[in-house]
Amino acid sequence: MKLFVDNLTNIDFSYLHPHRGLLGESWLVQLELDGSLNEQGMICDFGIVKKAVKQWFDTYIDHALVVPTGMPRLSHQQSDGYTTVEWLYPDGQVFHCRSPQQAIALVGVPEITPHTLADWCREKLLELFPDEVKGLKIGFVPERIDGAFYHYSHGLQQHDGNCQRIAHGHRSKLEIYIDGQRSETLESEWAECFRDIYIGTRSHLLSADETHHYAYEAPQGAFELKLPASVCYLIDTETTVELIARHLADQIKQQYPANAVMVKAFEGVGKGAIAEA
């Protein structure tokens with residue numbers, strides 16, 4: 001017998017890609033359990049499954065930086081409750097992140113893909129279930145997006161929860177309206193501008209030459225990030241989706257001063273903010 005749960009939850013995180021660097025991602029989680037029936041005629045109660053799996057993903061993957069420790073040109077160390085990761089881009093530029101250990105997931109694979117991360121998670125998750133569960137299959141599925149979208153990473157210093165982590169991210173779609181009419185051209189332009197981007201807050205920036213150096217203190221601890229300036233986009237505020245939407249609306253309004261502008265910016269799957277100018 002098998003038990004399945006489609007779209008059990010979604011995870012928003014960032015990971016290191018061997019060519020693209022820091023990459024924000026959002027995946028839907030699919031789950032399939034294989035096992036025998038208990039005295040209640042069930043493999044496992046749906047409520048227990050959903051709660052246990054979601055809690056595990058919230059703790060270890062969601063809003064974290066996921067690092068494939070087998071990736072070339074990468075080193076990492078853990079001490080005093082912190083994890084430090086250093087990696088060289090293919091062109092020799094430096095990526096450096098130091099965060100509290102719970103903000104970085106070290107995964108023993110050469111590259112993060114839906115398949116490799118699912119295999120790693122499956123071994124950890126199987127321990128959560130009763131003896132009736134004999135097997136577990138995890139699937140990660142990107143949201144289907146018809147139109148422009150972008151991968152971005154950020155960190156929210158003032159957030160009380162895991163959004164404070166300096167390098168977590170999302171795969172997000174974008175809708176832009178001029179006088180009530182959707183502009184696919186503008187959507188594509190901004191999605192390309194934000195392709196694989198780190199959206200940084202100017203007050204977090206310590207130095208900005210060829211490398212951007214960000215750092216801040218938050219409730220979970222001290223966070224530090226260095227990465228090439230070419231993959232960064234600065235705004236003057238925190239990088240909540242509300243303020244990203246407002247920033248985009250203000251920038252587009254400068255191009256269209258006589259028109260009504262509306263931006264619908266998504267933060268991962270099925271949520272986001274609307275700003276008008």
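Which residues does T201 touch, not counting residues up to four places away in sequence? The points below begin with that residue; the model under discussion is a predicted one.

1. T201 and its surroundings. T201 touches Y214, L234, I235, T237, E238 and T239, leaving aside residues up to four places away in sequence. The residue belongs to strand β12, which covers residues 197–201. T201 counts as buried because its relative accessibility is 4%, and buried means under 20%. With T237 there is also a polar contact: a polar atom of the T201 side chain lies 2.8 Å from the backbone oxygen of T237.

2. T9 in strand β1. T9 is located in β1, residues 2–17. Its contacts, again without residues up to four places away in sequence, are W27, L28, V29 and K54.

3. Is K271 buried, partly exposed or exposed? With a relative accessibility of 34%, K271 counts as partly exposed, since that class lies between the 20% and 50% limits. The residue sits in the loop that joins β17 (261–266) to β18 (272–276). Beyond residues up to four places away in sequence, K271 touches N10, D12, A265 and F266. The K271 side chain also reaches the backbone oxygen of E267, at 2.7 Å. K271 and V241, which are 30 residues apart in sequence, have C-alpha atoms 9.3 Å apart.

4. Helix α4. This helix comprises 15 residues, 241–255, and spans 21 Å from its first C-alpha to its last, close to the 21 Å expected at 1.5 Å a residue. Its buried residues are V241, I244, A245, H247, L248, A249 and I252.

5. The cavity. How many cavities of 30 Å³ or more are there? The count is one. The largest cavity holds about 40 Å³ of space. Its lining consists of R20, L22, Y89, S153, D196, I197, Y198, L227 and V231. By class, six of these lining residues are nonpolar, one is polar and two are charged.

6. Most residues other than glycine have a negative phi. R73, which is not a glycine, has a positive phi near 65°. This residue is in the loop between β3 (65–68) and β4 (74–79), and it counts as partly exposed at 41% relative accessibility. D80 likewise is not a glycine and has a positive phi, of about 55°. D80 is placed in the loop between β4 and β5 (82–88); with a relative accessible area of 75%, D80 is exposed.

7. Q181 in strand β11. Q181 lies in β11, a strand of residues 181–182. Its relative accessible area is 58%, and Q181 is therefore exposed, the limit for that class being over 50%. Q181 and D236 are 55 residues apart along the chain, and their C-alpha atoms are separated by 29 Å.

Notes:
Residues are numbered from 1 along each chain as its sequence is written. This is a predicted model: local features need pLDDT of at least 70, side-chain atom pairs count only at pLDDT 80 or more; totals for chains, interfaces and linings use all residues. Side-chain values use heavy atoms; hydrogens and water are left out. Helices (H or I, at least four residues) and strands (E, at least two) are DSSP runs, numbered from the N terminus. Buried means under 20% relative accessible area, exposed over 50%, partly exposed in between (1.4 Å probe, protein chains only). Contact means heavy atoms within 4.5 Å. A polar contact is a pair of N or O atoms within 3.5 Å; within protein, one must be able to donate a hydrogen and the other to accept it, and residues adjacent in sequence count only if both atoms are side-chain atoms. On a 1 Å grid over the protein atoms alone, a cavity is a set of points where a 1.4 Å probe fits but cannot get out, and a pocket is an open set with protein on both sides within 12 Å along at least five of seven lines; lining residues have an atom within 4 Å of a point. Grid points are joined across faces, edges and corners, and a volume is the space filled by probe spheres set on the points. Ala, Val, Leu, Ile, Met, Phe, Trp, Tyr, Cys and Pro count as nonpolar, Asp, Glu, Lys and Arg as charged, and the others, Gly among them, as polar. The expected span of a helix is 1.5 Å times one less than its number of residues.
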